[in-house]
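Q: Could you take a close look at one part of this model for me? I'd like the residues marked in the record, and then what sits around them.

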Amino acid sequence: MTVLDSRGPDPRNGSSLDDQETVERPVGAGAVAVEENEPGVSGSAGPEADNGSTMSPVASGVESGPRDLAAGRGPAWLDAWIEANAHRVLAWRRHIHAHPELSRAEYETTAWLTEQLTSVGLRPRTLPGGTGLLCDIGPETHQPRRTVALRADIDALPLAEETGLDFASTVGGAAHACGHDAHTTILLGAALALATAPHLPGRVRLIFQPAEETMPGGALDVLAAGGLDGVERIFGLHCDPRIPVGQVGTRAGPLTSAADLLELRLSSSGGHTSRPHLTGDLVHALGTVITGLPTLLSRRVDPRSGTVLAWGAVHAGEAPNAIPQHGFVRGTLRTRDRETWSELEPLVEELVQGLLAPLGVGYDLHHRRGVPPVVNDSHSTELLRAAVGTALGEQARTGTPQSSGGEDFGWYLEHVPGSFARLGVTSDAGEAKDLHQPSFDLDERALLVGVRTMVHAALTALDD
Ligand SMILES: [Zn+2]
Ligand SMILES: [Zn+2]
């Protein structure tokens, strides 16, 4: 999920574009529920101690993995890999969680992932920006019948963690409060499990994407690096505190919304408030735009598109009797509809110009386009739903509503069909914390659920 900038969104003040900010009701339960005495617990601590990263091991000592909610569902090589490695999966997540890195600064995470992937003979390549990586599994000597991509985002948020966990962030002002530590862990687990498959009917491309929490997002870096070249279909998932652990939500069609940032700066020669007719009355002009632009948009855009402009910041002036020379207003402009999104920028420009034309002020409109909506392809979503059923059982399949937040996975779906899922991370007991809250945490049983989901999504799509 994406926030507007790198200055540290406060999840309580609505400054984030994250779709989970728009949760309509309190989310359910959600404390960590690591099963300490479950199968798949043999072996030593996690692999952190012997990797080449400078990230110090924090999560060592994890000797048991989370309970595998779909143990024995197969295929046999996947069951075997999970049983042998569940404790490592848990250690990975805690290690990444303890060492969060902000968008486009994920150097240690990238190095650590590279170590893990190369340790099983895979050959990841780092993206040109130095963070994030691509890695192919499967036939390399000839063009495979098809290539399917699996994507995880690896960046953390600029906020201070308040979970009190043993493996809480060791980095001040950075925290994995959006669950990207889980996404990264899940994709790594899927990769290492797939690497043990005796046969793959095609190629799987792993995309460990940087900078999801920025606008317009690291997905564009992946695309620029040719990350989708040859890819037929792409899948991804995101933690969802509204869904119980063990379930995976899917939805065909729009899943998230487009979100843009608007900033309008006004200028005037200023003057005495007793003579507003002799200058551009800047505060009045700001007020005109603040109320007028949302109103006009509601009459120029199809209301079915769910287009909403909401201002989040405004400032101008100090003295009660002086018309200021400068002022600004900032807000977010969201829409659920892909076509509407493409038409908003010139429309906003037209309306602002029309509103301000009689008022004698200058303006500078900065319309920062964010991300398109995630629009899940229907066939890819069918494949994903089938994969969830195969991987976890019918009871694991659930639906999910379209949200009003942004997610840069939408950029991939502008190029290839695919589907993005919601991974349940909420326990049966306790009170769940929302994404982007400093106290956000997840039920770690979701990690293995995620691994099985991603592996089966790839297998199902390759066999399609
Ligand atoms: Zn997020
Ligand atoms: Zn996120």
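**A closer look at the binding-site residues**

A: Let's start with Cys-178, which sits in the loop between strand 3 (147-153) and helix 3. Bear in mind that this is a predicted model. Cys-178 has 28 C-beta neighbours inside 10 Å, and 20 or more is the cut-off, so this residue counts as buried.

Why pick that residue? UniProt, in an unreviewed entry, gives the feature "binding site" at Cys-178, His-180, Glu-213, His-238 and His-436. These positions span 259 residues in sequence, yet no two of their C-alpha atoms are more than 12.9 Å apart, so they gather at one spot. His-436 is another one in a loop, this time between strand 16 (418-426) and helix 9 (445-463). With 25 C-beta neighbours inside 10 Å, His-436 counts as buried.

Now follow the chain into helix 3 (residues 180-194), whose axis comes within 9 Å of the axis of helix 1 (residues 76-98). The two axes cross at roughly 150°. That angle is over 145, so helix 1 and helix 3 are roughly antiparallel to each other. As for handedness, helix 1 passes helix 3 in a right-handed crossing.

Who meets whom there? On the helix 1 side you'll find Leu-78, Trp-81, Ile-82, Val-89, Trp-92, Arg-93, Ile-96 and His-97. Helix 3 brings Asp-181, Ala-182, Thr-184, Thr-185, Leu-188, Gly-189, Leu-192 and Ala-193 to the contact. Sorted by class, that contact has 10 nonpolar, 4 polar and 2 charged residues.

For contrast, here's a residue from another helix: Leu-297, found in helix 5 (residues 282-300). Leu-297 has 18 other C-beta atoms within 10 Å, which makes it partly exposed. Leaving aside residues up to four places away in sequence, Leu-297 touches Thr-307, Leu-309 and Leu-351. Leu-297 and Val-348 are 51 residues apart in sequence, and their C-alpha atoms are 7.8 Å apart in space.

Zooming out, the chain has 9 helices and 16 strands. Of its 464 residues, 52% count as buried, and Cys-178 and His-436 belong to that buried group. Among contacts in the chain with a separation of 6 or more, 81% are between residues 24 or more positions apart.

Terms used:
Residues numbered from 1 in each chain as written. Chains lettered and ligands numbered in written order. Predicted model: local features only at pLDDT ≥ 70, side-chain atom pairs only at ≥ 80, totals over all residues. Helix = DSSP H or I, 4+ residues; strand = E, 2+ residues; numbered from the N terminus. Buried ≥ 20, exposed ≤ 12 C-beta atoms within 10 Å, placed from the backbone. Contact = placed C-beta atoms within 7 Å. Axes fitted to C-alpha atoms, helices over the stretch in contact; angles between N-to-C directions. Parallel < 35°, antiparallel > 145°, perpendicular 65-115°, else oblique. Left-handed = near helix turned anticlockwise from the far one by under 90°. Nonpolar A, V, L, I, M, F, W, Y, C, P; charged D, E, K, R; others polar. UniProt positions renumbered as here; feature names shortened; annotations may be inferred.
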